[in-house]
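Work through these exercises with the structure open beside you. Try each task before reading its solution.

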Amino acid sequence: MAKARFLLRPRWLLSHLFVILLVVTMVNLGFWQLRRLDEKRDRNALIESRMDQAVVPVDDLLAAGDGDPAVDEARFRQVTATGTYDDEATVVVRNRSQGGAAGAWLVTPLVTGSGDRVGVLRGFVSFTPDGSVVEAPAPKGGVVVDGLVVDPGSFDGTAPKDLGPLLAGDDVLPGLVLAETSTPPEPWSAADADQADPTSILPVPPPELSEGPHLGYAAQWFIFSAIAVIGYPLVLRRVIARRGKEVDDETHDLDAELDELLRQGG
């Protein structure tokens with residue numbers, strides 16, 4: 001249509017290209033969120049299946065010197081760890097948060113009967129008024145810890161760097177035990193950090209079995225894409241109609257001026 005030829009001008013071609021790229025990007029973001037949802041569901045299924053398996057001693061699943069494949073096979077398994085804590089070797093994993101409070105994790109190596117050591121993620125501690133990490137000494141003597149095997153390589157932030165020296169030891173198991181119960185008990189307090197004794201250690205909760213917001217985010221991206229696909233042509237139609245009306249008005253004004261000139265000339 002002649003009235004729409006202006007849409008082939010460079011400025012409008014750039015506008016068309018921008019909208020196309022925007023739609024492609026939003027569609028890809030929607031599918032990315034769906035892939036994240038699938039990954040979350042697979043992870044939840046793995047956690048549930050591993051937690052249904054029998055509880056075994058951690059050194060039945062892992063040994064010092066094992067690599068990533070062994071940790072991947074053992075993660076989320078329910079285990080027990082028996083031995084004595086090396087409290088002086090406790091690692092403070094900073095930049096953690098729990099229940100809306102900032103703080104740190106305490107990871108203390110437990111020396112097992114075989115002489116190997118396994119890092120136990122004993123819990124979360126907050127800060128003292130002077131900004132230092134709360135001190136929570138590990139239980140003394142023989143200890144039995146029940147919990148889940150977790151992969152330290154899956155942690156974010158400064159955790160890999162903080163745990164690096166501990167995990168580099170030749171006698172250290174490559175996975176950690178996320179403590180759920182301890183005999184004798186830790187100075188654990190309420191799970192809600194707002195209600196807890198500020199000098200206590202809080203148990204770190206196990207991985208959540210939720211799908212997260214990925215499905216909702218995917219739907220939003222697809223809705224935005226549909227709005228752009230449907231809305232942009234409608235906008236162009238309105239622009240074309242407005243331009244056509246402007247041309248018709250200009251033509252009418254020109255015809256009126258010509259008629260007036262002809263009358264005056266006559």
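**Exercise 1. Decide whether Arg96 is buried or exposed, then find its salt-bridge partner.**

Solution. This is a predicted model.
Step 1: Take the relative accessible area of Arg96, which is 9%. Buried means under 20%, so Arg96 is buried.
Step 2: Look for the partner. Arg96 forms a salt bridge with Asp156, and the closest N and O atoms are 3.1 Å apart.
Step 3: Arg96 sits in strand 3 (residues 91-98), while Asp156 is in the loop between strand 6 (142-150) and helix 4 (159-167). The pair links distant parts of the chain, 60 residues apart.
Step 4: Classify the partner. Asp156 has 52% relative accessibility. Exposed means over 50%, so Asp156 counts as exposed.

**Exercise 2. Which residues are linked with Arg117 in a network of salt bridges?**

Solution. 
Step 1: Start with one pair. Arg117 and Asp171 form a salt bridge, with 3.6 Å between the closest N and O atoms.
Step 2: Locate the two ends. Arg117 belongs to strand 5 (residues 117-125) and Asp171 to the loop between helix 4 and strand 7, so the bridge ties together parts 54 residues apart in sequence.
Step 3: Compare the accessibility values with the cut-offs. Arg117 has a relative accessible area of 16% and is buried. Asp171, at 30%, is partly exposed.
Step 4: Asp86 and Asp171 are linked with Arg117 in a network of salt bridges.

**Exercise 3. Explain what the salt bridge between Glu211 and Arg41 ties together.**

Solution. 
Step 1: Check the contact. The side chains of Glu211 and Arg41 meet at 3.1 Å, N to O. A salt bridge needs a distance within 4 Å, so this pair qualifies.
Step 2: Find each residue. Arg41 lies in helix 1 (residues 10-51). Glu211 lies in the loop between strand 7 (172-183) and helix 5 (214-265).
Step 3: Draw the conclusion. The parts tied together are 170 residues apart in sequence.
Step 4: Classify both residues. Glu211 has 36% relative accessibility and is partly exposed. Arg41, at 38%, is partly exposed too.
Step 5: Turn to the total. The count of salt bridges comes to 7.

**Exercise 4. Which strands pair with strand 2, and in what sense?**

Solution. 
Step 1: Begin with strand 1 (residues 56-57). It runs parallel to strand 2 (residues 78-85), and 2 bridges join them. Pro57 has Thr80 as its bridge partner in strand 2.
Step 2: Go on to strand 6. Strands 2 and 6 run antiparallel and are joined by 7 bridges. Here Thr80 has Asp146 as its bridge partner.
Step 3: Tyr85 stands opposite Leu110 in strand 4.

**Exercise 5. How many helices and strands does the protein chain have, and in what pattern do they follow each other?**

Solution. 
Step 1: Count. There are 5 helices and 7 strands.
Step 2: Read along the sequence. The pattern is α-β-α-α-β-β-β-β-β-α-β-α.
Step 3: Residues 24 or more positions apart account for 69% of them.
Step 4: Finish with burial and surface. Of the 266 residues in the chain, 33% are buried. The accessible surface is about 15,700 Å², and 58% of it belongs to carbon and sulfur atoms.

Technical notes: Residues are numbered from 1 along each chain as its sequence is written. This is a predicted model: local features need pLDDT of at least 70, side-chain atom pairs count only at pLDDT 80 or more; totals for chains, interfaces and linings use all residues. Side-chain values use heavy atoms; hydrogens and water are left out. Helices (H or I, at least four residues) and strands (E, at least two) are DSSP runs, numbered from the N terminus. Buried means under 20% relative accessible area, exposed over 50%, partly exposed in between (1.4 Å probe, protein chains only). Contact means heavy atoms within 4.5 Å. Accessible areas come from the Shrake-Rupley method with a 1.4 Å probe; for residues, only the protein chains shown count as cover. Two strands pair if DSSP finds at least two bridges between them.
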